[in-house]
Amino acid sequence: MLAIYDVDGNELGSVPLTEKQQAVLDAGGSIDVLYHTPQLMHAALGTRNGSFSLHQDGDRLVTSTPAAVKDYTQLRAAVATLKARENS
Amino acid sequence: MPNVPVAWGEWRPDVATLDTQFANDVENVFPGSNSYLPVPSLAPFSDAVVPPPPSTERIVGLFSARSTTGEWKVYAGTPTKLFTWTMLAGWSELGSGYHVPEGELWSFAQFGKWVVAVQIGDLPVRADVDAGGTFATFGAPIAHNVRTIGDFLILGGLASNRRKIMWSAINDITGWTIGLNLCDEQEMPDGGPVMGLAGDKVGFIVQDRAVSLLQFLPGDITFIFSISKIVYDRGSVSEYGFTSIGDNLYLLCEDGFYAVSQGNLTPIGHEKVNDWFLANSDPGRRNVIQAITAVKPYIFWAYHSSPGTPVGYYDSVILFNWTNGRWARMKVNAQMWATVATVNLDLDTTGSEPGDALLDSTARSLDSFAYMGGRPRVAAVDPAGYLVDLTGPNLQATLESGEAHLSPGTRAMVGDVYPLADGVDGVIYDGFRERLQDDVQWTQAFPIEITGSAAVYNSARLHRFRHIIPRDTKWTHAQGVVVDAQQDGTVA
């Protein structure tokens with residue numbers, strides 16, 4: 001999991017990157033991350049989806065769409081909470 | 001004397017064949033539209049065995065993948081190791097320490113430059129087809145099987161829940177975080193364990209007791225795939241017993257063979273071979289029956305013919321010609337079957353390829369698969385561990401007609417029997433009886449003489465004929481026999 005920052009340096013959340021995404025970032029490119037509510041959680045969490053872009057700035061992952069990252073971060077937290085409840 | 005044509009008709013052992021055009025038995029032949037064709041024997045195209053000695057493990061996986069430059073690579077697996085094969089180096093180990101459970105096989109798929117190998121005993125692994133290198137894990141969860149469908153690598157029968165499938169991030173097989181980049185999972189509410197996936201543009205989720213269609217929904221981030229069940233109460237008995245050709249699925253269910261096309265379930269073995277197959281296959285090992293799509297319009301189902309056959313290999317194959325709906329069978333021993341292609345061996349080089357330094361070597365014939373690189377065909381690993389394909393001398397073929405009253409109401413004296421086959425060799429048997437209540441008796445083998453006929457000279461009310469074409473005979477078509485038969489009095 002790598003931390004994501006906005007252009008002002010505020011930490012917004014974190015995201016796991018795949019090998020392919022990391023290679024694009026390492027090459028100086030930017031990536032688009034798509035997110036959605038897992039299908040088996042639609043009933044509990046509703047259906048949300050969106051996307052945000054990331055690029056590497058030094059050793060930091062930076063986004064120019066912080067609102068989407070925040071939405072994604074909230075969704076991931078809700079997913080984690082639901083999973084923990086299911087496993088308990 | 002009247003000549004009665006007796007055709008080797010469609011092989012339908014499940015129906016009564018008395019006075020019909022159906023054949024009683026056809027072994028080691030391909031089913032054509034109006035004839036049967038020879039089946040070549042398995043011939044090695046590699047001098048190296050897999051697994052390399054001293055290992056004696058059996059082969060439980062065989063696959064070929066294609067590099068970015070179009071070169072074919074062959075992969076094989078034992079319960080503990082994975083190998084790749086090249087003409088130059090033979091078999092090389094690419095991974096070890098695996099735990100394929102008894103009754104399970106490796107499931108392979110290619111995604112871009114990666115070949116992916118999956119089985120329920122360990123985490124899925126991948127290797128680079130282009131660059132070579134060993135197999136390594138890549139973040140995917142443990143599952144029973146794998147399939148590439150569109151831009152996704154899909155795992156079926158997850159270890160956490162066998163009714164689940166899970167697909168990777170789009171175009172990225174290292175993305176396995178659900179909810180990110182279209183990666184997600186779906187649980188089948190019923191239908192039993194997911195046995196595997198098939199198809200491509202239209203995917204099939206094949207379960208123990210159901211089949212569902214899987215279609216990608218471009219632009220739909222909420223659902224990603226549309227999943228709709230199209231077959232209820234029937235599914236595949238084996239994780240490896242189904243295959244797809246185009247948008248059609250062919251599978252072996254508990255009660256026999258079916259095809260699924262455009263959402264419709266069509267019985268392809270009912271009143272043909274289903275009952276015969278269920279009576280002549282080992283029910284305890286139907287879970288490892290393997291379906292292979294041939295390059296020609298045939299589907300092979302490799303199986304064990306009885307509980308008494310050896311554990312280490314399949315001893316039989318039932319063949320389906322999907323263009324004409326006809327069946328036949330083969331008696332061939334093989335550890336694993338697959339559609340395989342390989343790089344070609346250069347005929348005119350004096351390079352380092354083994355077996356090629358001398359063009360006049362008898363190591364392999366000039367029409368060997370080894371010299372026809374890039375041509376996919378049905379191949380296997382034989383019980384000795386050699387990579388083989390169907391290019392050897394023709395197998396011994398057996399063709400048996402249905403039973404007939406050649407002279408209705410009376411006995412029929414059969415004189416000469418003239419086989420409609422272009423093989424130069426062979427023998428004819430006459431199976432005869434006076435009443436349907438009697439057991440069939442078989443005459444001695446009558447050789448085909450210089451006249452092209454076998455002099456049978458046997459009288460009975462009911463006759464059936466068997467033509468055996470010996471191994472190594474060169475022939476192209478067998479259509480039936482013409483029987484010289486005449487009325488020969490009444491039975492009583």
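**Chain A, then chain B**

Mentor: Chain A has three helices and five strands, where helices (H or I, at least four residues) and strands (E, at least two) are DSSP runs numbered from the N terminus. This is a predicted model, in which local features need pLDDT of at least 70 and side-chain atom pairs count only at pLDDT 80 or more, while totals for chains, interfaces and linings use all residues. Residues are numbered from 1 along each chain as its sequence is written, chains are lettered from A and ligands numbered from 1 in the order in which they are written, and side-chain values use heavy atoms, with hydrogens and water left out.

Trainee: In what order do the elements of chain A run from the N terminus?
Mentor: The order is β-β-α-β-α-β-β-α.

Trainee: And what box do the C-alpha atoms of chain A fill?
Mentor: Roughly 40 × 25 × 20 Å, taken along the principal axes.

Trainee: What share of chain A is buried?
Mentor: Of its 88 residues, 34% are buried. Buried means under 20% relative accessible area, exposed means over 50%, and partly exposed is in between, using a 1.4 Å probe and protein chains only.

Trainee: How much accessible surface does chain A have?
Mentor: About 4800 Å², with 48% of that belonging to carbon and sulfur atoms. The areas come from the Shrake-Rupley method with a 1.4 Å probe, and for residues only the protein chains shown count as cover.

Trainee: What about contacts between residues at least 6 apart in sequence in chain A?
Mentor: Of those, 46% join residues at least 24 apart. Contact means heavy atoms within 4.5 Å.

Trainee: How far apart are the mean positions of the positive and negative charges in chain A?
Mentor: They are 10 Å apart, for 7 positive and 10 negative charges. Lys and Arg count as positive and Asp and Glu as negative, with His and the chain ends not counted. Each charge is placed at NZ of Lys, CZ of Arg, CG of Asp or CD of Glu.

Trainee: Where is His55(A)?
Mentor: His55(A) sits in strand β4 of chain A, residues 49–57. Its relative accessibility is 31%, so His55(A) counts as partly exposed.

Trainee: Which residues does His55(A) touch?
Mentor: Not counting residues up to four places away in sequence, His55(A) touches Leu25(A), Gly29(A), Ser30(A), Arg60(A), Leu61(A) and Val62(A). Leu75(A) is 20 residues from His55(A) in sequence, and their C-alpha atoms are 22 Å apart.

Trainee: Chain B now. What is the strand order in the sheet with β30?
Mentor: That open sheet of four strands in chain B has the order β5-β32-β31-β30, with antiparallel pairing. Its edge strands are β5 (40–49) and β30 (336–340), each pairing on one side only. The twist averages 40 degrees from one strand to the next. Two strands pair if DSSP finds at least two bridges between them. For the angles, axes are lines fitted to C-alpha atoms, for helices over the stretch in contact, and values run from 0 to 180 degrees between N-to-C directions.

Trainee: How many bridges join β30(B) to β31?
Mentor: Five, and the two strands run antiparallel, with β31 covering residues 377–381 of chain B. Ala338(B) has Ala379(B) as its bridge partner in β31(B).

Trainee: And the sheet with β6, what is its order?
Mentor: The order is β6-β7-β8-β9 in chain B, an open sheet of four strands with antiparallel pairing. β6 (61–66) and β9 (90–96) each have a single partner strand, so one side of each is left without a neighbour in the sheet. Here the twist averages 25 degrees from one strand to the next.

Trainee: Where are the cis peptide bonds?
Mentor: One joins Val50(B) and Pro51(B), with omega about -10 degrees. Another joins Pro53(B) and Pro54(B), with omega about 10 degrees. Pro51(B) lies in the loop between β5 and β6 of chain B, and Pro54(B) is also placed in the loop between β5 and β6.

Trainee: Why bring those up?
Mentor: Because most peptide bonds are trans, and most residues other than glycine have a negative phi.

Trainee: What is phi for Glu271(B)?
Mentor: Near 55 degrees, a positive value in a residue other than glycine. Glu271(B) is in the loop between β25 (264–267) and α1 (274–279) of chain B. Val15(B) is in contact with Phe22(B) and Glu271(B), leaving aside neighbours within four places in sequence.
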